[in-house]
Amino acid sequence: MSHPYHGLNELRELFLSYFESKDHLRLPSFSLVPQNDKSILLINAGMTPMKPWFKGEEEPPRKRVCTCQKCIRTGDIDNVGKTARHGTYFEMLGNFSFGDYFKHDAINWSWEFLTRVVGLEGERLYPSIYLDDEQAFDIWHNEVGIPAEKITRLGKEDNFWEHGSGPCGPCSEIYYDRGEEFGCGSPDCGPGCDCDRYIEIWNNVFTQFDNDGKGNYTELAQKNIDTGMGLERLACVCQNVNSLFDVDTVMNITNKVSELTGAYYGQSQKRDVSLRVITDHIRSATFMICDGILPSNEGRGYVLRRLLRRAARHGKLLGVNNPFLYEVVATVIHENECQYPDLREKQTYITKVIRTEEENFARTIDGGMKIFADLLAEHKAKGEQVFSGADAFKLYDTFGFPIDLTREMAADEGLTVDEEAFQKLMDEQKVRAREARKALGDLGWAGIEFGKEVPSTEFVGYEKDEADCKVVAIIADDELREAVVAGTDAIVVLDKTPFYAEMGGQVADHGIMTADGVEFEVHDVQKNKGGKYMHYGKLISGELKVGDTVTATICTKRRSAIRRAHSATHLLQSALEKVLGDHVHQAGSLVEPDHLRFDFTHFSAVTAEEMAKVNELMEDYILDGNAIETMVLPIEEAKKLGATALFGEKYGETVRVVKMGEVSMEFCGGTHLDSTAKIGGFRIISESSVASGVRRIEMVTGKAVRALMDESDKTLAQVAETIKAASVADVARRAQQVMDELKEEKRVIEQYKAKESAGGADDMIRNAKEIGGVKVVTTKLKEGDANALRQLGDVLRDKDASIVAAMVVQNGAKITIQVVCGKEAVKKGIKAGDIIKSVAPIMGGKGGGKPDSAMGGGSDASKIDEALAAVETFVAEKL
């Protein structure tokens, strides 16, 4: 190697600093989670987060930008580890121009950086161009000075970037010649060959055309530059190593894996595969979790779960049966924190997420491994080469084995999996689940289809608590009615309503509808798929007819209590995000009058210290009296303002945004107060787990806080009276005094029991039967438990070294037998454990223990005497 050695972190800084010197704005890496781009799960290229800038939809911060972007690609995850060429995580260096410089500067700077800054040998670099891109050829040949024979022309498949219709253009790549020893020996071997000799290290994409989707190309007014260069690939060249796994920072991670597993490169092909899988996947997982992704069973969360579980399984293949991946996190962070300082900030969180997932997976895999082995043995015994879809589905449905894990494990044994049959069973399961849901009925009313003459209901409840409305439909006894009379349970549909229908976690309003002589009591409201508000209730008086005008009035006390709880929910989410981290997302909620339940993503129980901080923030938010305002905005405008959307929720073109001072701003269709101060008091009453990675907080607000305090005061007064405390304030002191008294009384009782046991033991020893120099005691106690037997046995054994005692006590259907042997008896070969194993089965039980003390059980009380007699027989036969 005649070029200088550069570490990976050094190369990254060289690249970014170089382009900063060319007036580029250095931007930090974007998150791995795409923003406003549902076409991909994870960022997979340097330019991906910049699509709006390339398309002209948004203005870039500068016309020239450079980045080092974290990327994850999982398309060939099954090949990761099997070869040294594949990996899921990598970093992409890139310099970008948005309508500024074009081919001349892009090509010259790429050559200058590689040859003058990095120091690669010019004679080893080979540019490629698109077939008829004469402008690029002229720059390479006449400006850079590359001989024509070293410039390779490649076709559209290799050197023209386009994705359907839209901006596209030719590419110019730079290949590095690693030498003949890496080649295939073909006379045609050159840049673009599939062998390992010529490695592509730089790709300039010249976005200069617009494709109409029909093969017609027109010149773009704004021409862009999109450059991509794999950092690890460049490091391979600069460090003269064969693969990304041999690069300095990556190899340091592998060394840590080797330290934990005892497996090292070169021991065997299988071990090499496992080391590469673990190294690659722990890199990906660490960065994904840092960017707020949590393991789950769908989307990017499933990608993370699959990576961690695949790495954990390869740990098992290396003989590691305990969680260990979390111990590698510190090394991953150490190797990358110079560029990504947030890794260090979130180290504890990342480590906990990975350890929790490892522990959960250990339970899953341990439960299913034996079943898999049994199923596999059955297939092999039949000489089958295909692992059945039914068995794969059983592993998934019963033990949580993902199909890709079953596929890998079967492949290790030379079998394929019938994935078509597996998918069919999965689809059948989904149909069954759908039918089950359908059987529960629509949340509205499933029995009647409304015609077009029944309009959608206009909701006016944001502005009004009362409104005059027209009755447009009535349902009673599962039929559309023209009218109903007093005493009838019915569903009423209005043309407009102030009643909030249950949705978004917020419960429905209650209230009444009135007209002349008519009163309809509303106890629930649901919105059906057609946008009609279904008012469930009972007609208390009069006759209600379709076409009538009624005054619909909500219960304002109930609505106010719901508003307090809903506004408090937003403040709680904000406080949790600040205290626990930005990984906190709403995972569900229930908002009731002065009571709320909030589910959120978090990996462990909220500590007392964290909860104290949440409470303190909530108090500040409320006491500050932040104004609460609502806005209806185009969704893109709302996002630009920073409003938080519910993760995974679908929204229309316009959204309602609820803003609480500078504390919270969320998309929300619920009802709220106009000031946080009106929440009044609050109290968190519980924090618990509802699923893996999901926690739940329950809280009361407003008047419910006073009710809770009154109940607590009442309970405390009852406790004070029960323990005879001088006052409520004296409860803690008096409770401690009572506990001390009870402890002393227990100590005295235990002393009496010990004396009683000792006296009883003396009587037993005096009445013992001597057999071959040992004293045999067998007895059935009238009362006691296992602990009493154990205490009596200890006394007997300590009092006489030659004792062999067997004691039985019966409690209901449960029989307990205790055997003890003194030191001298044990020396003569009489062991308590052996006696238990011999006599407990007589009573239909079993047991065991040590030579000097053993315990067992039984179920047949009629055999107790026979079992005790067998003890004497056992001793006599031994001696």
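**Close-up views of a predicted model**

**View 1. Leu716 is a partly exposed residue of a nonpolar surface patch.** Leu716 has a relative accessible area of 33% and is therefore partly exposed (buried means under 20%, exposed over 50%, partly exposed in between, with a 1.4 Å probe and protein chains only). This residue belongs to helix 19, residues 703-722 (helices are DSSP runs of H or I with at least four residues, strands are runs of E with at least two, both numbered from the N terminus). Together with Val719 and Val728, Leu716 makes a nonpolar patch of about 200 Å². Patch residues have over 30% relative accessible area and no salt bridge; like charges are joined within 9 Å, nonpolar side chains (Val, Leu, Ile, Met, Phe, Trp, Tyr) within 5 Å. A salt bridge is a side-chain nitrogen of Lys or Arg within 4 Å of a carboxyl oxygen of Asp or Glu. The model is predicted: local features need pLDDT of at least 70, side-chain atom pairs count only at pLDDT 80 or more, and totals for chains, interfaces and linings use all residues. Residues are numbered from 1 along each chain as its sequence is written, and side-chain values use heavy atoms, leaving out hydrogens and water.

**View 2. Phe15 and Trp202 form one of 29 aromatic pairs.** Rings of Phe, Tyr and Trp (its six-membered ring) pair if their centres lie within 6.5 Å; planes under 30 degrees apart are stacked, over 60 edge-to-face, the rest tilted. For Phe15 and Trp202 the centres are 6.0 Å apart and the planes stand at 55°, so the pair is tilted. Phe15 is in helix 1 (residues 8-20) and Trp202 in strand 8 (residues 198-211), 187 residues apart. Phe15 is buried, at 0% relative accessibility, and Trp202 is buried at 0%.

**View 3. Phe54 and Phe98 pair edge-to-face.** Their ring centres lie 4.9 Å apart with planes at 65°. Because Phe54 lies in helix 2 (residues 51-54) and Phe98 in strand 3 (residues 89-98), the pair ties together parts 44 residues apart in sequence. Both Phe54 and Phe98 are buried.

**View 4. Two charged ends sit over tyrosine rings.** Lys150 has its charged end 4.4 Å from the ring centre of Tyr126, and Arg656 has its charged end 3.6 Å from that of Tyr462. The rule asks for NZ of Lys or CZ of Arg within 6 Å of the ring centre and within 35 degrees of the ring normal.

How values were computed. Accessible areas come from the Shrake-Rupley method with a 1.4 Å probe; for residues, only the protein chains shown count as cover.
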